[in-house]
Amino acid sequence: MSDVNGVRRSRTAGGVLVAATVATGLMAGTFYVFACAVMPALARSDDRVYVDVMRDINDVIENPVFLPVFLGALVLAGLAARQSRRMPGRWWVWAGATAYALAFLVTVAGNVPLNDALARPGDPAALRERFEDPWLAWNAVRAALSTVATACLATGAAARARTTSWAASAAVHREAAHGTPR
């Protein structure tokens, strides 16, 4: 930890906040692509193709690239919020962490149970009928929440950077004016 202008700062806190912002941005993009490309394309398919492709997507998305980002965004946003106490932009960071936690909850409580139900045997038309509209609605909610989370975390990071930059600049000017480091 370092002390700049009376405010405690951690070098790693900034890195965690940037990583949280990137991870939530990746998740927002994933949900957005589903909303504006994947699901509209699938909507053109017949029931059997729709169900088979969604089952395949649900199988392959649980992979070593997606899962660490999906779970990591939650952990990193929470850690960034904890580290942001008494820091500039902390309310933005807390808002971002909360928004992503809600997106995570929507996924776990809304989309995943629908995916699990779609995986069960049954008539493709009936499975699709129970799945499609609710899944689309929950996906739109999690896309919006993840986007809000990303924007809030980025705003918090910008506020922290502005203050850190200002404090460092002020310290340099004080040193130059007084000829000695503080």
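**Entry 1: surface and ground rules**

I started with the surface: the protein chain exposes about 10,200 Å², and carbon and sulfur atoms supply 65% of that area. Accessible areas here come from the Shrake-Rupley method with a 1.4 Å probe, and for residues only the protein chains shown count as cover. I kept in mind that this is a predicted model, where local features need pLDDT of at least 70, side-chain atom pairs count only at pLDDT 80 or more, and totals for chains, interfaces and linings use all residues. Residues are numbered from 1 along each chain as its sequence is written, and side-chain values use heavy atoms, with hydrogens and water left out.

**Entry 2: the overall layout**

I found five helices and two strands in the protein chain. Read from the N terminus on, the order is β-β-α-α-α-α-α. These elements are DSSP runs numbered from the N terminus: helices are H or I with at least four residues, strands are E with at least two. Next I looked up burial, and 35% of the 182 residues count as buried. Buried means under 20% relative accessible area, exposed means over 50%, and partly exposed is in between (1.4 Å probe, protein chains only). I also checked contacts, meaning heavy atoms within 4.5 Å. Among contacts with a separation of 6 or more, 78% are between residues 24 or more positions apart.

Is Ser146 buried or exposed? Ser146 counts as buried because its relative accessibility is 0%. Ser146 sits in helix H5, residues 124–178. Leaving aside neighbours within four places in sequence, I see Ser146 in contact with Thr24, Met27, Ala28, Phe31, Tyr100 and Ala103.

Arg160 is also found in helix H5. I noted that Arg160 is buried, with a relative accessible area of 7%. Not counting residues up to four places away in sequence, Arg160 touches Ala13, Gly14, Leu17, Gln83, Ser84, Met87 and Pro88.

**Entry 3: salt bridges**

How many salt bridges does a search of the whole structure find? The search gives three, each with a side-chain nitrogen of Lys or Arg within 4 Å of a carboxyl oxygen of Asp or Glu.

I looked at Asp47 and Arg128, whose side chains meet at 3.2 Å, N to O. Asp47 lies in helix H2 and Arg128 in helix H5, so this pair ties together parts that are 81 residues apart in sequence. Asp47 is partly exposed at 29% relative accessibility, whereas Arg128 is buried at 9%.

Arg128 also forms a salt bridge with Glu132, with the closest N and O atoms 3.0 Å apart. Both Arg128 and Glu132 lie in helix H5, four residues apart, about one turn of the helix. Glu132 is buried, with a relative accessible area of 16%. Through shared partners, salt bridges join Asp47, Arg128 and Glu132 into one network.

Then I turned to Arg48 and Asp52, where the closest N and O atoms are 3.7 Å apart. Arg48 and Asp52 both lie in helix H2, four residues apart, about one turn of the helix. Arg48 is partly exposed at 42% relative accessibility, and Asp52 is partly exposed at 31%.

**Entry 4: surface patches**

Patches here are made of residues with over 30% relative accessible area and no salt bridge; like charges are joined within 9 Å, and nonpolar side chains (Val, Leu, Ile, Met, Phe, Trp, Tyr) within 5 Å. Lys and Arg count as positive and Asp and Glu as negative, while His and the chain ends are not counted. A charge is placed at NZ of Lys, CZ of Arg, CG of Asp or CD of Glu.

Which residues gather in a patch of negative charge? I found Asp56, Asp59, Glu62 and Asp116 there. Glu62 is in the loop between helix H2 (47–60) and helix H3 (66–83), and Glu62 counts as exposed at 59% relative accessibility.

I also noted a nonpolar surface patch of Val18, Val22 and Leu26, with about 260 Å² of accessible area together. Leu26 is in helix H1, residues 11–43, and Leu26 is partly exposed at 47%.

**Entry 5: a backbone angle**

Last, I checked Arg86: its phi is near 60°, a positive value in a residue other than glycine. Arg86 is in the loop between H3 and helix H4 (90–119), and Arg86 counts as exposed at 62% relative accessibility.
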